[in-house]
Amino acid sequence: MTRVVGKSKASKQLLPHLFPNFESMLIHILQNKIVDVGETRDKAKAAIGKIKSGIVSLSSKLGITKTNSKVDIAPAIMGPTGNENENTSKSEAIRIGKSFAMFLLTTTEPSAAVDAWAKDNKQLKDLMETDWFEPMMNVIAKGLLKSSNLGLKWRVGLGAGLSIMDMITDAGVINNYRASGNTKGAYSLMAMIGSNVAVQLAITYLQNRKKSNWVILRELAFVVTFLKPGVDAYRVATGHEDEDAVMNPLLEMSIGKSAELAFESIPGGLLQAYIFINSPEKTIFLLISILISTLTTGFSSAMISFDMDISVANRKEVPLFYGYIKDGNKERLITFILQVSEWSGGGVAKRAKLTFDSLGADTACCIPQPQPHSRHCPTVLSEREANVRRHPCRTVFVPSLQGGEERLRALDRRP
Amino acid sequence: MLWIAGLEGALKYMGALVTHSIVKVLVDYTGMLHCRGPKLAGGALFTFQTIVSQCYPFVALHFYKTSEIEDKTDVDMLNTVFVILASSWFLCVLAFLRVTNRDFWHTFWSTATGWQFTVDSYNKSNDPETKMLTIFENHHSFTESIKLEVIAYMHEHWAEWERTKPAWFTPNFIASVDDEFMPQHAVEAEGGARRRRSSVPSVREMLGIEKE
């Protein structure tokens, strides 16, 4: 901040008018903490102090106090100092600075976090109109995301984790099918995974066609090792820029995930559900694989819609379509949870529909089923799926972000 | 209809077929809101498909109920489960509408087609960047009807953009603009017939069918 603003005398004089207590806000932005332990402790101490002094004053009024020789002193409460106007603006600046961490955590792109944060805090309007504030905040957001212990890991882990888990369980299911003699099922699932990998390879090649062979090879290696979702998530979260790439990282990630949904997760999940229902052997492993496939589908679908809508570039390019998600942090969180929930409710019913459709088709064709009693299972599966999908863990945002201490220390060391 | 920018002829139709097939699967089985775009499923069709998907389980249950399957699961219980699921979905939709921006509700039942929406985006925007992205990031057939209007607009503002140099007015952008959209003096200043050109990434180019 000193580097950007401090050099210009005019800017230095102008800053207090644009946003009083700018430094307080910036310090709390750089702290990048969603839960401030120190602040919570102070608040708890203040509350206990108030209760104690209340009890003491009540006791003295009622005449319960044993000795009057003691002087009751209310505990010192850490609080703002100075005149009221300054305090208000300072506390407001601190609140605005602190709120940035949550935007950073719940938004995939750093620029989208800055945009939403600025729109949610009207006090920043003047600052956002300057030509330096938004670029500076974008750089800070990128830096915080990179240095954050949890934020980036959460995104990358979630992006890669779900896909990799899906692949591992699918491989296990294929093995299981082959062992049980269901080769048609195994080959069908292999074909789905293979078609997904083929499409991902094609997308990756088209995206990197202008680059060197080594770079193309590296990118293709990410696909075949199933690390691509994690790499994509990392690039989006860190605001990766590449002039030689055909698409921006967000679009690449969205297209990749959509292809994965259409070629593998959805058909694979449906096939597994159908085989599970009609199979005499119903192992927990097969059920878990179906549930992971379902989880990947629901979460990826909601994530794509969410990310595409809050993208600053999309809102700029197509303002008539993008922007249905409000800019407040609470609204964003609720909207995302509802998007996942909508799919959950609908997804369970849709799988049930497929199950009954397939059973109806079997009946219409008069194909004898080897294990008629296994038709109990549609309900069992649907209920289990419903319970798992309703589980709150599906939509949890880990409420913590750390990092930025180095920057804070650097700020404190400034002349 | 989504015509992918850079695709022409049979490839244009193949690209659209593949894209819309994928979108149909995504809408039916995920209800992905992004697919309601006028160039994908379209708002009205998206909502219709989503509602139909919620009705299908009851239709399937009816067939199950009237089928001759032995040892059926309790149909009444299944019906109750489906009613609960459909109701919770409906409540989620209501809550979703409540927390989202009202100005965009119309996108859930809009019947606008891809080219209508693109033209609308151009006409309703006052931002030159949005206007230019709308024209040059979409398939040229979407904006064929307003081509002369766009040319007039660009000729009128080109000098101003050269003077003020807005962030989007980059050499890459200029290289992506056809000669006819630029004033003659600007074309000559850029090198005339030999000026650097680049288009929206063409799939033909990417596949190596056409030289860059």
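Modeller: Two residues are in contact if their C-beta atoms, placed from the backbone, lie within 7 Å. Keep in mind that the model is predicted.

Leaving aside residues up to four places away in sequence, Lys211(A) touches Ile216(A) and Asp244(A). Ala245(A) is 34 residues away from Lys211(A) along the sequence, but the two C-alpha atoms are 8.0 Å apart in space. Is Lys211(A) exposed, partly exposed or buried? A residue with 20 or more other C-beta atoms within 10 Å is buried, one with 12 or fewer is exposed, and one in between is partly exposed. Lys211(A) has 15 C-beta neighbours inside 10 Å, so it is partly exposed.

Further along chain A, the loop between helix H11 (213-224) and helix H12 (228-237) holds Phe226(A). Phe226(A) is not a glycine, yet its phi is positive, about 60°. Because Phe226(A) has 18 C-beta neighbours inside 10 Å, it too counts as partly exposed.

Now the chain as a whole. Chain A has 18 helices and zero strands. Of its 415 residues, 38% are buried. Take the contacts in chain A between residues at least 6 apart in sequence: 76% of them join residues at least 24 apart.

Chain B comes next, with nine helices and zero strands. Here 25% of the 212 residues count as buried. Among the chain B contacts between residues at least 6 apart in sequence, 57% join residues at least 24 apart.

Chain B also has a residue with a positive phi that is not a glycine: Lys165(B), at about 45°. Lys165(B) is in the loop between helix H6 (147-164) and helix H7 (171-176) of chain B. It has 9 C-beta neighbours inside 10 Å and therefore counts as exposed.

Two helices of chain B give an example of packing. The axes of helix H2 (residues 43-66) and helix H3 (residues 75-99) come within 10 Å and cross at roughly 175°. An angle over 145 degrees counts as roughly antiparallel, so H2(B) is roughly antiparallel to H3(B). On the H2(B) side the contact includes Pro57(B), Phe58(B) and Leu61(B), and on the H3(B) side it includes Phe82(B) and Trp89(B). The residues of this contact are eight nonpolar, two polar and one charged.

Helix H4 (residues 114-124) of chain B has buried residues that include Trp115(B), Phe117(B), Val119(B) and Tyr122(B). Helix H5 (128-136) of chain B is part of what covers the buried residues of H4(B).

Last, the nonpolar cores. The largest one has 84 residues, and those touching the most other members include Leu104(A) and Trp117(A) from chain A, and Leu26(B) and Val27(B) from chain B. Not counting residues up to four places away in sequence, Val27(B) touches Met32(B), Cys35(B), Ala41(B), Phe46(B), Gln49(B) and Thr50(B).

Terms used. Residues are numbered from 1 along each chain as its sequence is written. Chains are lettered from A and ligands numbered from 1 in the order in which they are written. This is a predicted model: local features need pLDDT of at least 70, side-chain atom pairs count only at pLDDT 80 or more; totals for chains, interfaces and linings use all residues. Helices (H or I, at least four residues) and strands (E, at least two) are DSSP runs, numbered from the N terminus. Axes are lines fitted to C-alpha atoms, for helices over the stretch in contact, and angles run from 0 to 180 degrees between N-to-C directions. Angles under 35 degrees count as roughly parallel, over 145 as roughly antiparallel, 65 to 115 as roughly perpendicular and the rest as oblique. Ala, Val, Leu, Ile, Met, Phe, Trp, Tyr, Cys and Pro count as nonpolar, Asp, Glu, Lys and Arg as charged, and the others, Gly among them, as polar. A nonpolar core is a set of buried Ala, Val, Leu, Ile, Met, Phe, Trp, Tyr and Cys residues joined through C-beta atoms within 7 Å.
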